[in-house]
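Hello,

Here is the structure I said I would pass on. My notes on a few parts of it follow below.

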Amino acid sequence: MSERLRILVTGFGPFPGAPHNPTQPLVARLTRLRRPAFADVEISGHIFPVTYDAVDQELPLALAKHRPHALLMFGLAGRSKHVRVETRARNAVTMLWPDAAQTHARKGSISAGAGTRRFGPHTAKLLRAAKGTGLDARASRDAGSYLCNYLSWRAIESVSLDSGPRLAAFIHVPPLAGDGTVRRKGFPRITLDELVDAGEAMLLEMVRLTRRA
């Protein structure tokens, strides 16, 4: 690539039931990384409010502002015990739970008549990178039906555009130790430092994959 590689890393703010979203400090730490491997890489960050309107309005604006070659997104899976590398987005929106603005979806699908949308085979390499740090990470075929899945769907849409990123990926992370979240018995106590290590490994792999894309 003749131009400077640009990666946009995103997370979410708090939402009902999750007053402390670990993706906020995770994104902050990843965008401040100073490594030789990132010397010619521009890493930008964006935190989405947990609302459908915010995704629809802010994703296009963030893509236009940063013009990323790749999009690495993180979201909280409050009931997960491990990191989940999502492989696809489902054409589903929950009508049961409102977003952080107390807005309910008016229909249970994102796009009429569409099936699922896949991120691509690069997710397997991101998974391998995360597991290489020693963290429990697994592939996932179900990103849920809330904002994480909705953002995943919109991000995959953007990849199909000529002006969009070349690659996109979504990573679900579990609650962290010490964040005040009540955990069920048997849940591992993952720290922010451990999560940053895994995030950095995936970011490095995303840089490598984007250069080849």
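Helices (H or I, at least four residues) and strands (E, at least two) are DSSP runs, numbered from the N terminus. This is a predicted model: local features need pLDDT of at least 70, side-chain atom pairs count only at pLDDT 80 or more, and totals for chains, interfaces and linings use all residues. Residues are numbered from 1 along each chain as its sequence is written, and side-chain values use heavy atoms, with hydrogens and water left out.

His 66 belongs to helix H2 (residues 52–66). His 66 counts as buried because its relative accessibility is 15%, where buried means under 20% relative accessible area, exposed over 50% and partly exposed in between (1.4 Å probe, protein chains only). Contact means heavy atoms within 4.5 Å. Leaving aside neighbours within four places in sequence, His 66 is in contact with Arg 6, Leu 8, Ser 44 and Gly 45. Between the side chains of His 66 and Ser 44 there is a polar contact (3.2 Å). A polar contact is a pair of N or O atoms within 3.5 Å; within protein, one must be able to donate a hydrogen and the other to accept it, and residues adjacent in sequence count only if both atoms are side-chain atoms.

Thr 123 sits in helix H3 (residues 122–131). With 7% relative accessibility, Thr 123 is buried. Not counting residues up to four places away in sequence, Thr 123 touches Val 85, Glu 86 and Thr 87.

Regards
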